[in-house]
Amino acid sequence: MTSDDPWQRYEVPGSTQSTVVTKTAVITALLKKAAHPLIVVAHHADIPANVTGNPVEIIIRIADAGRIPVIVTPSTAPAFRKRGFTPTATLSIMEIGARLNDPDWSIGDDHQHPDLVLFLGFPYSMGWLLQSGLKSFAPKGIRFISIDQRYQPHCTLSFPNQSRDEWITHLNTIADEVGYT
Amino acid sequence: MIDISSQTKRKILKMKARVKIDELIGDDIRAHGVELDIGRIIRTWEERPGPTRMPGIGDLREWDHKLLKKYPPHYLPFCDLCCLCTMGKCDLSRGKRGACGIDMAAQQSRIVLLSASIGTATHTGHARHLLEHLVETSGRDHHLDIGASVNLEAPNIRLVTGIKPITLGDLEDVIDYCEKEITQLLACCHTGQEGNNIDFESKVFHAGMIDHVAMEAADIAQISSLNFPKGDPEASLVDIGIGCVNPDKPSILVIGHNVAPSVEITDYMRDHGLEDAIDLAGICCTALDLTRYNNKAKIVGPLSHQIRFIRYGGADVIVIDEQCVRTDVVIEAQKVNAPVIATSCKNFQGLPDRTRDSVDSIVGDIISGKSLGAAILDPVKAGEVAVRLATAMFPKRKKFRAIPDEATIAAAAKACGGCDNCRRVCPNDLPLAEAIAAAGKGNLSLLGELYESCIGCTRCEGEGVCAKGLMPHTMILGASRIRMGKEKFRVRCGRGPIQDTEIRAVGGPIVMGEVPGVLGMVGCSNNPGSWKDVGFIAEEFLKRRYIVTTSGCAAMQIGMYTTENGQGLYEAYPGTFDAGSLVNCGSCVSNAHISGAAIKIASIFARRQLNSNYEEIADYVHNRVGAVGIAWGAMSQKASSIAAGFWRLGIPVIVGPHGAKYRRMLLGRKDHDEDWEVIDARTGERVYAAPTPEHLFAVAETREEAMVLIPKLCMRPSDTTKGRSIKLNHYIDLHRKFFGVMPDDMHLFVRTTADIPVAMKEDILKALRQTDWKEGDGRIPDPTLLPRLVRKGGRAK
């Protein structure tokens, strides 16, 4: 398996595909540079991880450290709330897509559309379909980054296919780097 | 003067006619040798025709655009490219246009239209072939009898075409109309035709509407001609499951959707006293329709059971007709030495056409091994061949299986290198390599656990997928061998239409919201997880006293689920169209009875004009009838056209995660207040009616998300306070149950404190105080989207 092969073998994206990002520092730098970053989390994030950590807990660390809003899907919200974290909003995967495509939509009252969006915890096919839609219909200039365990082809950047341990390590590194100023 | 007797009038009304008049003398006319060709005579009925009799592809555009403004398309392209013409491939991503000028939005809608048109064409083609056969066997004049309590026999047909069908022959006119519209719809997909995505979407809705007309024609034809249950809530309970097929008897497996050959098999068995000597079982909708004709027949399961049952060796002969038949069925059948009889010209499967050959020669060639099977397009002949082959093959085959035993699996599994290639081609991303590794260590339980979640596609066994040549799907079956033999459940066979009396009894409570909703559980077996999720969803809403209607593979999967105390849902809940009842309408084509029930509520309960009056009826259904469709395992193009028929009526549809691959959702924006205004038909005033229903087509990420969405999408602007309170109670209760908290959008649906469920009043008021919620004036609108329906004295503003 090469790192930029879509995890589902038959998900052939077309003319362009996500650039593989293996250095977490790249993601951290973009997060810090973004004026209106957003993290979107779906329910696969809460699949119990190994001893090195649970993705939901790491996302909470990233969000807290970077003061980044988090939108979760309804099935994901309980995993955040039971850890004492209240997500910024709860929307279904497709509702999130529809709002990200709307240039007038904003998370808060500042009327600013997100300029960088991190995705995590997506069922694979729902992830690539959502991101394929964003590729063509979202306002220009937004960076979409998949930080899921499996390579997603329709974003600006994506983690490569990796083992669960490697994935958790990479997520932890982002959390550490975002918190380090 | 031309005097036509009443008997002649009847004849003329039944056929195309040519009238020759030797001499015609009137006050102002004198003519010789007049000939009149009458192409079609339309029966008139008591209700005057409305504005859209047999609408063309543009006639309901205005209505469609109203819906599409509320529920704009949200696209999910499969890839960046369009590959439909030789100017391409073209990259349409990021705002680019193709060589023909099309953009990504229009292209996605075009694909949705293609899918819906294929689905509609398939149902219409099925209806045409079935009708031709039934006209041949029962006669064009065969009177349509759908049951004594079903006076409104064809709500979709009457609404769309203005035809009140009385005989089988009348349905030919209906199918003529459908075929004409499908031709126009397909023409729209050609390069250089439609270019606007919203106009494509309108045509998708048109395809869906036509689909329900064709399905209705097919089902009322077979109900009437084959004496299926006629709206009978107590239709028989029949056996379902692989274990229902007796391994000690010869057996015939039928697969597909057109019941005609299965009926002939049954008749041949009856005529020759073989009913108890041979097991007749089916997969997919042919099986459901077969049990409506022959309640001794058995259902093996939904379409995901095809390969597993064939490899299990349960069939001594396989008879296929049309739709959803594995296209490798002949190859699979060879693995267990079972011959295949193809009975539809739509699905020859490469078999030689033996329709004109004698039964003896066909049977002889197959038994001798000279031929793998045959195509026989005469259902009567196919019936005889199937029965004689089953009897002859049974002792030869000895139920030969292509499923390994546990020891063979464990030995083979040791070769697994853990590369995960099998998982990477699995649509459900099942952890196959992990399960195989465990099997290599002697633990087959992980493989067995995958049995319910495997959709039976066998992509994991594709050429070159496993470098070691392992067959993961076969290994799952091997690990589940014993369980398959014990797989036995009960399902109520399809009852057909909803009775008019049932509509009269529950129409009011549905429209007022006091029956919390009508759930249509339909679709295929392309589930994201266990098939039992379908039954789990059904049970929850049955307990909550929703009316749960179902059809097709979903109806089977509901049957293959048992309650905590081991009871089947069809045994635990009645089959009446009433609160807390489970209504299996029948096969795919019986879906028309679900949309038909919604139309009947408008016509029978609310006395709205039905004849050729689509827009008004859809407006009524959309704003008042709390119905929602759920196709958890939707797979096919037919599922997309069925959904499209519900969309045009304004009925929301929820699909499971794989449904996102239909590439387009229709999502409302609850944060856009202006989208949720309706006209109060009493005054003409525009009033905010909340996002009711919020979406027209939505995908749910999990079973729980779907179950919370269902009560929300059952809310309608017309709900009384009591009705809204009941619906809110279910919405909030399910949200709490699955997500632990009350929903954050609850304030949108509480119009006044009277809407608040009493048991939750304190909590809800507390939550409302934390929002900008303001109590409304309590006026419930007479909601419509159509200014022309504002009553005298009122004026649309």
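I began with Arg607(B), which is exposed at a relative accessible area of 72% (exposed means over 50%, buried under 20% and partly exposed in between, with a 1.4 Å probe and protein chains only). Arg607(B) has a positive phi of about 55 degrees although it is not a glycine, and its place is in the loop between α23 and α24 (614–624) of chain B; helices (H or I, at least four residues) and strands (E, at least two) are DSSP runs, numbered from the N terminus.

I noted that this is a predicted model, where local features need pLDDT of at least 70, side-chain atom pairs count only at pLDDT 80 or more, and totals for chains, interfaces and linings use all residues. Residues are numbered from 1 along each chain as its sequence is written, chains are lettered from A and ligands numbered from 1 in the order in which they are written, and side-chain values use heavy atoms, leaving out hydrogens and water.

I next looked up Gln323(B), whose phi is also positive, near 75 degrees; this residue lies in the loop between β10 (317–320) and α10 (329–335) of chain B and, at 11% relative accessibility, counts as buried.

For cis peptide bonds, I found one joining Gly88(B) and Lys89(B), with omega about 5 degrees, and another from Thr692(B) to Pro693(B), with omega near -10 degrees. Lys89(B) lies in the loop between β4 (81–82) and β5 (90–91) of chain B, while Pro693(B) lies in the loop between β21 (686–688) and β22 (695–699) of chain B.

Last, I checked α20 (residues 532–543) of chain B, which has 12 residues, nine of them buried, including Phe541(B) and Leu542(B).

Note on methods: The expected span of a helix is 1.5 Å times one less than its number of residues.
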